[in-house]
Amino acid sequence: MKRRNFIALVGTSIAAAPVWANVYNIQNPIQKAIESTFPELPYAYNALEPTIDAKTMEIHYSKHHKAYHTNFLAALKDSPAAELDLKSLFAEISKYSPAIRNNGGGYYNHSLFWENMSPAKTNPSVVLKGVIEKSFGSVDKFKEEFANAAKKQFGSGWAWLIAGKDGQVFVSSTSNQDNPLMDVVEKKGTPLLCLDVWEHAYYLKYQNRRAEYVDNFWNVVNWDTVNKRYENR
Ligand SMILES: [Fe+2]
């Protein structure tokens, strides 16, 4: 079902865990995550230390992400975009206002980002590892390409691992809060892994050393989530 009213239930309370889990699986009824009260972070603010410090995580989640959520809901009010599910909206985001594009992307991208990090040590599944090796030559080569995309993204944006329609995977970067589901980006596909390279994501700890932040990111990647996204794409 494509058309949904995902602002109808703003302010209602729902169980956080299942709804939050739906965010990375765009095939599920994602509108509840947007309609609901702001979803919980899946770990404590200090859980990813020393890679990401608690203060950065707190500000990033409770201020930046929260603002995207609030402003997205405000931008949707009285817009026909409110009748779409998120995937359909992103697929025609060029028709809508910068406020919807930037805040919708900001809301969704951060939801993906929290979920693809974890303090637990995880690994790519056999299936995903095979796909990565086929696409990049090796997992190390993939990491190098992904890290380069993150380091070279000019200004604010994101680095991505994406699955294409044929099941192959590739890397891209996007500006601002754009993502691979949007019709405005060059490389489109299903997001599997993302890294926020806005300065607000790392500046308190790393200052201007984005490359160090990017290299440390591998310490906290939640491959279990990435594996699931690939299975569910
Ligand atoms: Fe961010």
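Helices here are DSSP runs of H or I with at least four residues, strands are runs of E with at least two, and both are numbered from the N terminus. The model is a predicted one, so local features need pLDDT of at least 70 and side-chain atom pairs count only at pLDDT 80 or more, while totals for chains, interfaces and linings use all residues. Residues are numbered from 1 along each chain as its sequence is written.

Of the 233 residues of the protein, 40% count as buried; a residue is buried if 20 or more other C-beta atoms lie within 10 Å of its own, exposed if 12 or fewer, and partly exposed in between, with C-beta atoms placed from the backbone. As for contacts (C-beta atoms, placed from the backbone, within 7 Å), residues 24 or more positions apart account for 66% of those with a separation of 6 or more.

Now for the sheet. The three strands form an open, antiparallel sheet in the order β2-β1-β3, where two strands pair if DSSP finds at least two bridges between them. The edge strands, β2 (169-175) and β3, each pair on one side only. From one strand to the next, the twist averages 25 degrees. Strand β1 (residues 157-163) is joined to β2 by seven bridges and to β3 by six. Leu 161 shows both pairings: this residue stands opposite Val 171 in β2, and its bridge partner in β3 is Leu 193. Strand β3 (residues 190-196) has seven of its seven residues buried, so it is largely enclosed by the rest of the structure.

Helix α7 comes next. This helix lies across β1, β2 and β3, running at about 10 degrees to β2. Axes are lines fitted to C-alpha atoms, for helices over the stretch in contact, and angles run from 0 to 180 degrees between N-to-C directions. Helix α7 (residues 139-152) also packs against helix α9 (residues 210-217) at an angle of about 150 degrees, with the axes 9 Å apart. That makes α7 roughly antiparallel to α9; angles under 35 degrees count as roughly parallel, over 145 as roughly antiparallel, 65 to 115 as roughly perpendicular and the rest as oblique. Ala 147, Ala 150 and Lys 151 in α7 touch Arg 210, Ala 211, Val 214 and Asp 215 in α9.

The axes of helix α6 (residues 126-136) and α7 come within 8 Å and cross at roughly 70 degrees. The two helices α6 and α7 are therefore roughly perpendicular to each other. On the α6 side, Lys 129, Ile 132, Glu 133 and Phe 136 take part, meeting Val 139, Lys 141, Phe 142 and Glu 145 in α7.

Elsewhere, helix α3 (residues 54-76) and helix α5 (residues 98-115) have axes that come within 8 Å and cross at roughly 140 degrees. That makes α3 oblique to α5. Residues in this contact include His 65, Tyr 68 and Phe 72 in α3, along with Ile 100, Tyr 107 and His 110 in α5.

Note on methods: Contact = placed C-beta atoms within 7 Å.
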